[in-house]
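Please look through the sequence and the model shown below before reading on. The report that follows takes up a few of its features in turn.

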Amino acid sequence: MPLSLPSRPPGPRTPRSAHRLPASRARHLGAEDARRVSALLADGTHAVASSAALVLVDDEGVRQRYVWHEVDHASFDADTATLTVRFVDGTRPQLALVTAGQHGAGFLTAVRERIEWSIIHLEQSVLSDGTRVRVTLRRDPDGAVFSQVTTLGTPRLTEQDRAKI
């Protein structure tokens, strides 16, 4: 039986954020961002978890756009109300988004769901020199499947390591 993968990330399963995205900001988002949950940030910007990406938007337009398959993982610190986003590209600085007031659990749930949706399968291994390697089968916003290989450290590959990967 062929494997059937959903073509779009799931919509939010929890109630939308208590803070609605103002029309003056929503107008800057494209059709790929129609399914979304937002949170107001401390700097006045909105963070939007759409089907396609994590988008930072203000009244002037989209400031940043991070497609979900570029995100390694995210974590939320309730004490500081900070969502920290770490990227697959280890040279890219992590993103710290400080939420303002009531961010709503729906936004955080949507971020988690979208990251998980982009990951189809993940395998990890440790090479002979101690370097950790992760091979991830992921999908982009259009549902195209591709692989990512990431390392923690600079590997010195042996023939055995090459076979392991």
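## Around Leu-54

Leaving aside its neighbours within four places in sequence, which residues is Leu-54 in contact with? In this predicted model, and with those sequence neighbours set aside, Leu-54 is in contact with Ala-47, Val-48, Gln-64, Arg-65, Tyr-66, Trp-68, Val-85, Leu-95, Leu-97 and Phe-107.

## The nonpolar cores

Leu-54 also belongs to the largest nonpolar core, which has 19 residues, and it is named there together with Leu-97 and Phe-107 as having the most contacts inside that core. Two or more residues of this core come from each of strand E1 (36-40), strand E2 (46-50), strand E3 (53-58), strand E6 (82-87), strand E7 (95-98) and helix H2 (105-118), and the largest share, four residues, is given by H2.

Another core, of eight residues, lies apart from this one, and Leu-21, Ala-52, Ala-53 and Val-55 are among its members.

## The four-stranded sheet

Four strands in the order E1-E2-E3-E4 form an open sheet with antiparallel pairing. Because E1 and strand E4 (61-67) stand at the edges, each with a single partner strand, one side of each is left without a neighbour in the sheet. On average, neighbouring strands of this sheet are turned by 20° against each other, direction ignored.

Within the sheet, E2 and E3 run antiparallel and are joined by four bridges, and Ala-49 stands opposite Leu-54 in E3.

## The helix across the strands

Notes:
Residues numbered from 1 in each chain as written. Predicted model: local features only at pLDDT ≥ 70, side-chain atom pairs only at ≥ 80, totals over all residues. Heavy atoms only, no water. Core = buried A, V, L, I, M, F, W, Y, C linked by side-chain atoms within 4.5 Å. Buried < 20%, exposed > 50% of the residue type's maximum accessible area, 1.4 Å probe, protein only. Contact = heavy atoms within 4.5 Å. Pairing = 2+ DSSP bridges. Axes fitted to C-alpha atoms, helices over the stretch in contact; angles between N-to-C directions.
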